[in-house]
Amino acid sequence: MSKLGNLGARLHRGEVGYDFVKNRKLWYGISILITITAIVGLAVRGLNMGIEFQGGAVFTTGKTPVSVSQAEEYAEEASGHDAIVQKLGNSDDGALRIQVAGIDTERSDQIKDRLAEDMKVDAETINAELVGPSWGDQIANKAWQGLGIFLILVVIYLAIAFEWRMAVAAFVALIHDITITVGIYALVGFEVTPGTVIGLLTILGYSLYDTVVVFDSLKEQTKDITKQTRWTYSDIANRSINSTLVRSINTTVVALLPVAGLLFIGGGVLGAGMLNDISLSLFVGLAAGAYSSIFIATPLVADLKEREPQMKALKKRVLAKRAQGGEQGEPQTDRTDDEVYADEDVAPAVVGPRDQSGSRTRRGRPSGKRR
């Protein structure tokens, strides 16, 4: 852990780092490929909507020795629809939860009697709960309205707190996360329930948190950026990602560990299938959110900002100065640019003209003096 802490400190000071922004086309390509796969899965297989959205009936039996596969067969024969059966409890003779979508009240009574006959249990021991299709439509509409309102409020907040380019980048990252998560649901075939919607809204909050942390660092470090010729906007954007990288990784790992326990141990090993609807959305969404905050949102902001005339002119001046320094063999100081940047406590360091001794002066205090 101490090594990770040292790495985080060195990343924050700019002593080490990876150029995420320079390789942004690679990250864009990976995201586009994953998104296309998710969309194809969604178009081909579609979503397995729960009865909360389609309407139907849920039959809960008492303790029975009937297996899950046998109960599925009985339910499909009785209803003529696909059935989802889950065992409640770990014992072999535990209760069963049988979901059948697309049936009305009259048919539910017939199906209940048929299930009791096939499973050789008393019909009074089977509890039936009905969900009407109109109620399911209302739930679906409310879910879409909630998601839409959330996205609109996020864009407005970011446009006010930061600027519209950051709002656009954050919006793209959030849509990226939603698309991938929904596509994974289609490919895996897990049931979509209100718990899934809750999971989606939760992961959007995590993704937005990571993005805002980087944006806040970027906003602070790009104050008066056009008054210097050492750094381009992309340089500082990349530094912002690196300075918050370990923090983002730690936050994501800590959040993923309990979710992985729910998904792989609770849903997979213990057979608690009802946990899958929320845990899968959280697991996929948290991972996608961490990726989009680092590899999509901030590089996209850099792309949009460097289309501005001021940023184009700044980049031209910075590159010209770097080329001039290399051609004329400009002497190097004992401290690197990143060390100067960290020591100055400003972003970026503003370098003045050479004095008579050949060294450069820094605005705000005499050359050669250290804090």
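Predicted model: local features only at pLDDT ≥ 70, side-chain atom pairs only at ≥ 80, totals over all residues.

1. Residues are numbered from 1 along each chain as its sequence is written, and side-chain values use heavy atoms, with hydrogens and water left out.

2. The axes of helix α9 (residues 233-243) and helix α11 (residues 276-305) come within 9 Å and cross at roughly 160 degrees, the axes being lines fitted to C-alpha atoms over the stretch in contact, with angles from 0 to 180 degrees between N-to-C directions. The two helices, α9 and α11, are therefore roughly antiparallel to each other (a term for angles over 145 degrees).

3. The contact (heavy atoms within 4.5 Å) is made by Y233, S234, A237 and I241 of α9 together with I294, T298, P299, V301, A302 and K305 of α11.

4. Among the aromatic pairs (ring centres within 6.5 Å), F20 and F295 have centres 5.4 Å apart and planes at 75 degrees, so this pair is edge-to-face (planes over 60 degrees apart). F20 sits in the loop between α1 (2-13) and α2 (24-45), whereas F295 belongs to helix α11, 275 residues apart.

5. Y291 and F295 form a stacked pair, with 4.7 Å centre to centre and 25 degrees between the planes (stacked meaning under 30 degrees). Both residues, Y291 and F295, are buried (under 20% relative accessible area, with a 1.4 Å probe and protein chains only).

6. Ring pairs link F20, W27, Y291 and F295 into a cluster.

Methods: Helix = DSSP H or I, 4+ residues; strand = E, 2+ residues; numbered from the N terminus. Parallel < 35°, antiparallel > 145°, perpendicular 65-115°, else oblique. Phe/Tyr/Trp six-rings, centres within 6.5 Å; stacked < 30°, edge-to-face > 60°. Buried < 20%, exposed > 50% of the residue type's maximum accessible area, 1.4 Å probe, protein only.
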